[in-house]
Amino acid sequence: MSEAHGHGHGHGHGHDVGGGADMAEVLDLDAEVFGGYLADLVSWLPVQDTPREIVDLGAGTGVGTFALLDRFPEAHVTALDASSAHLRRLQEKADGAGLAGQVDVVPCDLDAEPLPLGSPDLVWASASLHHLADPERVLRRVRDALAPGGLLVVVEIDGFPRFLPADAPEDRPGLEERCAAVADRRAEEHLPHRRADFGPMLEAAGLRVEAQRTDDLEIDGAGSATVGRYALEGLRRLRAGIADELSAEDLAALDRLLDEDGPQSLLRRDDVQVRTTRRAWAVRPTARD
Ligand SMILES: C[S@@+](CC[C@H](N)C(=O)[O-])C[C@H]1O[C@@H](n2cnc3c(N)ncnc32)[C@H](O)[C@@H]1O
């Protein structure tokens, strides 16, 4: 899942959203950078029985789908997303891994009715709920659809990641904070649920929090081509949304970081890292009278 990379579009509303191949590539980079976290998260899930039917809500390119199939190799996953480009990629990966029989991709706007949820044992919603116009409505649908004993897992990111130390770059210290402040304000204008505390919303939808975790992640990128590329793509997309609001000096400094051939390129710096906070909730339907 990717926060820095995921906001170049608005809500689904029945058409293809979510960017094309470049966005899909970024989601895959995200899976590589955060692979260790993801494996740990999936092994933490308080499932009662081994889930057989799984729904991945806003599955993207399948980061969650494949991590879940690693832990639950007998399961079947229905991957729902409004972006057919992402689902195409997910399907290709499933085919390549010999998992085609265990994965169905279903193009679907989660803001629309009806939701093709079936009766799943496990629903996974990673970095997707905050994209929706009315996430609580979707949460109520999930509560009603879950099989007895079923579990919903929500994962969300706490804003844009940071890729450099606070005092970098040398010539414009604090550049990233200034960029992120603009980007956060703009993102929240069209995504009101971004960085929301989903705990109360889950309770309001009739879901009881069984386990919650917050992970402050810091991944060292020195010498890692993947982290360098991830930082480059992250700040590149950030720039596209905020360039008109940056000072000329900040914009020039940002462009020096983004210049793949330049001496300050994010691909070559030895102080690149990824710092971000991810929150996860594992919830079950509240007992009804
Ligand atoms: C930040 S990505 C997360 C993808 C994936 N869950 C992951 O963790 O890598 C958000 C995903 O939500 C999808 N999405 C956004 N709005 C949607 C909507 N209204 N209906 C269905 N999918 C939507 C996007 O296409 C995108 O794939």
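1. The charged end of Arg 213 sits over the ring of Trp 44, at 5.3 Å from the ring centre, and the charged end of Arg 278 likewise sits over the ring of Phe 34, at 3.9 Å from the centre. A charge is taken to sit over a ring if NZ of Lys or CZ of Arg is within 6 Å of the ring centre and within 35 degrees of the ring normal. This is a predicted model, in which local features need pLDDT of at least 70 and side-chain atom pairs count only at pLDDT 80 or more, while totals for chains, interfaces and linings use all residues. Residues are numbered from 1 along each chain as its sequence is written, and side-chain values use heavy atoms, with hydrogens and water left out.

2. The structure holds three aromatic pairs, where rings of Phe, Tyr and Trp (its six-membered ring) pair if their centres lie within 6.5 Å, and planes under 30 degrees apart count as stacked, over 60 as edge-to-face and the rest as tilted. One of them joins Phe 34 and Tyr 230 edge-to-face, with 6.0 Å centre to centre and 75° between the planes. This pair links distant parts of the chain, since Phe 34 lies in the loop between α1 (21-33) and α2 (35-44) and Tyr 230 in helix α8 (residues 225-242), 196 residues apart. Helices (H or I, at least four residues) and strands (E, at least two) are DSSP runs, numbered from the N terminus.

3. The pair of Phe 163 and Tyr 230 is also edge-to-face, because the ring centres are 5.9 Å apart and the planes stand at 80°. Here too distant parts of the chain are linked, with Phe 163 in the loop between β5 (151-157) and α6 (175-190) and Tyr 230 in helix α8, 67 residues apart. Phe 34, Phe 163 and Tyr 230 form one aromatic cluster. Phe 34 and Tyr 230 are buried, and Phe 163 is buried as well; buried means under 20% relative accessible area, exposed over 50% and partly exposed in between (1.4 Å probe, protein chains only).

4. Seven strands form an open sheet with mixed pairing, in the order β3-β2-β1-β4-β5-β7-β6, and two strands count as paired if DSSP finds at least two bridges between them. The edges are held by β3 (103-107) and β6 (207-220), each with a single partner strand, so one side of each has no neighbour in the sheet. Neighbouring strands of this sheet are turned by 15° against each other on average, direction ignored. Axes are lines fitted to C-alpha atoms, for helices over the stretch in contact, and angles run from 0 to 180 degrees between N-to-C directions.

5. Within this sheet, β5 pairs with strand β7 (residues 273-285) in the antiparallel sense over six bridges, and the bridge partner of Val 155 in β7 is Ala 280. Helix α4 (residues 84-96) packs on the sheet, where it touches β2 (76-81) and β3, and its direction makes about 170° with that of β3. Contact means heavy atoms within 4.5 Å.

6. β1 and β2 pair in the parallel sense over five bridges; Ile 54 stands opposite Val 77 in β2, and Val 55 stands opposite Thr 78. In strand β1 (residues 53-57), four of its five residues are buried, while in β2 six of its six residues are buried. In a regular strand the side chains alternate between the two faces of the sheet. Both faces of β2 are covered, with His 76, Thr 78 and Leu 80 buried on one side and Val 77, Ala 79 and Asp 81 on the other.

7. Thr 61 lies in the loop between β1 and α3 (63-71) and counts as buried because its relative accessibility is 0%. Leaving aside neighbours within four places in sequence, its contacts include Ala 24, Leu 27, Asp 28, His 86 and Arg 89.

8. The peptide bond from Glu 113 to Pro 114 is cis, with omega near -10°, and Pro 114 lies in the loop between β3 and β4 (122-126). The peptide bond from Ala 168 to Pro 169 is also cis, with omega near -10°, and Pro 169 is found in the loop between β5 and α6. Ala 127, in the loop between β4 and α5 (135-145), has phi near 55°, a positive value in a residue other than glycine.
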